[in-house]
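Dear colleague,

Please find below the structure that I am handing over to you. My findings follow directly after it.

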Amino acid sequence: MEIPKKVRERLDKLYEANDSQEYIVDYKGQYLLKKGNAFVARHYHHIDQNRSNNEMWNLVPLSYQDHIIEIHTKNNKEVKQQIYDFMVRKFPNHEEHYRKYLLK
């Protein structure tokens with residue numbers, strides 16, 4: 001299930017770079033282009049991997065590299081810890097959710 005366009009637009013606004021409306025900023029501070037192929041330019045990862053849970057606090061912006069290679073191929077604990085730290089700062093009320101799905 002694809003993230004609805006309306007939700008993606010809200011996410012793009014939430015993570016928009018302070019100095020450019022053309023980019024969002026991911027958990028590492030990388031600038032990811034908003035335009036172009038949405039999947040390759042930037043991806044919103046469902047933290048709980050439930051693709052129907054499109055709550056803002058359950059979606060984290062990732063580069064293609066981080067999403068495909070680090071999250072799904074390597075299952076990299078260091079990257080998941082960084083995402084956890086980023087999301088807890090952004091949405092502290094959902095720390096338990098992040099702990100459950102990122103630090104298991």
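The side chain of Asp26 has a polar atom 2.9 Å from the backbone nitrogen of Lys28. Asp26 also forms a polar contact, side chain to side chain, with Gln30 at 2.6 Å; a polar contact is a pair of N or O atoms within 3.5 Å, where, within protein, one must be able to donate a hydrogen and the other to accept it, and residues adjacent in sequence count only if both atoms are side-chain atoms.

Please note that this is a predicted model, in which local features need pLDDT of at least 70 and side-chain atom pairs count only at pLDDT 80 or more, while totals for chains, interfaces and linings use all residues. Residues are numbered from 1 along each chain as its sequence is written, and side-chain values use heavy atoms, with hydrogens and water left out.

Asp26 is found in the loop between strand 2 (20–25) and strand 3 (31–33); strands (E, at least two residues) and helices (H or I, at least four) are DSSP runs, numbered from the N terminus. Asp26 is buried but has no salt bridge, and Lys28, the nearest side chain of opposite charge, is 5.4 Å away. Here, buried means under 20% relative accessible area, exposed over 50%, and partly exposed in between (1.4 Å probe, protein chains only). A salt bridge requires a side-chain nitrogen of Lys or Arg within 4 Å of a carboxyl oxygen of Asp or Glu.

The loop between strand 4 and strand 5 holds Asn54 and Gln49. Asn54 is buried, with a relative accessible area of 16%, and its side chain makes a polar contact of 2.7 Å with that of His46. Beyond its neighbours within four places in sequence, Asn54 is in contact (heavy atoms within 4.5 Å) with residues including Ile3, Pro4 and Val7. Gln49, in contrast, counts as exposed at 52% relative accessibility. Its phi is near 60 degrees, a positive value in a residue other than glycine. Most residues other than glycine have a negative phi.

In strand 4 (residues 43–46), His43 and His45 point one way, Tyr44 and His46 point the other way, and all are buried. In a regular strand the side chains alternate between the two faces of the sheet.

Finally, which residues of helix 5 (residues 95–102) are buried? They are His97, Tyr98 and Leu102. These residues cover an arc of only 100 degrees around the axis, so they lie on the same side of helix 5; the arc is that of the directions from the helix axis to the C-beta atoms. Glu96 and Lys100 are exposed on the other side of helix 5.

With kind regards

Notes. Lys, Arg positive; Asp, Glu negative; His and termini not counted.
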